[in-house]
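Subject: Structure for you to look at

Hello,

Here is the structure I promised to pass on. Please open it alongside this note; my findings follow below.

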Amino acid sequence: MDTSRKPNPQRSQHGTVVVGDASAMSPGAVNSIAHSCSPWLVLALLAALAASLPFWFTLSIDRGERGKQKQYIEEIGRARQDLFTGQLVYTDVKSLQLEAGGEPRLFRVDVLGRTRSAKPGEEQAPLKAGAQIGVKLHCAGTAVRCAPLSSERQSVLSKEDRATWMWEVSSQHPGKITIAFTVTAYLGDGNTVLVEKPPLTSRVEVAEPSASWFSWVKDFWGWAADAIATLGGMAVSLSAIVAVIVMVIRRRLPDASAAEPSTPEPERRAHRRPRVVVTRSARLGPQRSGRRAPRE
């Protein structure tokens, strides 16, 4: 007879059976325990999964962004490695010989894949080529103008490529002006900058207009045109003033027919002796009876 004591099962507050040894439990008791715990366990797992979804979603986005950023950095690095040393040739601003009010001068910039000797009136400097190149010109000063004559971007992809930019530079007043330009290499057709050369800045003096017969004729013609315009305006103004004065005078003067008084007839003199008319009967003789002689 086995004298060992078997553990007595006890029920907890929730109705589950708690035993001291799981191996001594019957299969029915184990199934009842699993059946009573499974709904709560499933709900807990679902809640934990729902709470962790934003974390896993953010983590996946961060991994994707990091991957794109890594690819972007690697692309820029490869593009910079593909660049090679080219040559920048540009016009010396002192050779422009700008005059106030004169004809515009051409400022030129060349980007070459291979080097060449600079010509008189040119400056040169090394730069990175092998991509799409953009050149911008900036002019500062009183009444200075820099008009572009070419596209802002051009491609210099190989040693045999060459690109040219041109501007018309002019100024209406004498004095100092500043001309600066930047050269930028871009990644493809976008706005991502691979390399940008520091601005090349130069100051130039705009001279007074030269005194020539043409400038004298031009100045005289301008003075004559201004004088004619001024005199014409004065004549128009004077005519308008005279017309206003005449109109005011006419309004103030009275009408001639109404203002002129009638001329009185001269009064007859009271002491004037009446004129004696001698009739024929008086001259012929004594008057006949029955008729009176006219009084004198």
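The largest nonpolar core has 34 residues. Phe107, Val109, Ile179 and Phe181 have the most contacts inside this core. Which elements each supply at least two residues of the core? They are H1, S3, S4, S5 (122-129), S6, S9 (162-171), S10 and S11. S10 gives the most, with five residues. In soluble globular proteins, nonpolar side chains tend to be buried together. Please keep in mind that this is a predicted model.

- S3 and S5 are antiparallel and share eight bridges. Gln87 stands opposite Pro126 in S5.
- S3 and S4 are also antiparallel, over four bridges. Leu88 faces Val111 in S4 as its opposite residue.
- S4 and S9 pair in the antiparallel sense through eight bridges. Leu112 has Arg162 in S9 as its bridge partner.

The other open sheet to look at has four strands, ordered S8-S6-S10-S11. Here too the pairing is antiparallel. Which strands form the edges of this sheet? They are S8 (153-156) and S11 (193-206), and each pairs on one side only. Neighbouring strands are turned by 25 degrees against each other on average, direction ignored.

Within this sheet, look at S6 (residues 131-140) and S10 (residues 175-186). Nine bridges join S6 to S10, and the two run antiparallel.

Next, the surface.

Trp40, Val42, Leu43 and Leu46 make a nonpolar surface patch of about 480 Å². Leu43 lies in helix H1 (residues 27-82). Is Leu43 buried or exposed? Its relative accessibility is 54%, so Leu43 counts as exposed; the cut-off for exposed is over 50%. H1 also supplies at least two residues to the core described above.

Last, two backbone points.

Gln97 is not a glycine, yet its phi is positive, at about 55 degrees. Where is Gln97? It sits in the loop between strand S3 (84-91) and strand S4 (105-112). Gln97 is exposed because its relative accessible area is 58%, again over the 50% cut-off.

Ala143 is the second case. Its phi is near 55 degrees, a positive value in a residue other than glycine. Ala143 belongs to the loop between S6 and strand S7 (144-148). With a relative accessible area of 36%, Ala143 is partly exposed. That class runs between the cut-offs for buried, under 20%, and exposed, over 50%.

Begin with Phe107, Val109, Ile179 and Phe181 in the core. Finish with the patch around Leu43 and the loop residues Gln97 and Ala143.

Best wishes

Methods. Residues are numbered from 1 along each chain as its sequence is written. This is a predicted model: local features need pLDDT of at least 70, side-chain atom pairs count only at pLDDT 80 or more; totals for chains, interfaces and linings use all residues. Side-chain values use heavy atoms; hydrogens and water are left out. Two strands pair if DSSP finds at least two bridges between them. Axes are lines fitted to C-alpha atoms, for helices over the stretch in contact, and angles run from 0 to 180 degrees between N-to-C directions. Patches are made of residues with over 30% relative accessible area and no salt bridge: like charges are joined within 9 Å, nonpolar side chains (Val, Leu, Ile, Met, Phe, Trp, Tyr) within 5 Å. Accessible areas come from the Shrake-Rupley method with a 1.4 Å probe; for residues, only the protein chains shown count as cover. A salt bridge is a side-chain nitrogen of Lys or Arg within 4 Å of a carboxyl oxygen of Asp or Glu. Buried means under 20% relative accessible area, exposed over 50%, partly exposed in between (1.4 Å probe, protein chains only). A nonpolar core is a set of buried Ala, Val, Leu, Ile, Met, Phe, Trp, Tyr and Cys residues joined through side-chain atoms within 4.5 Å.
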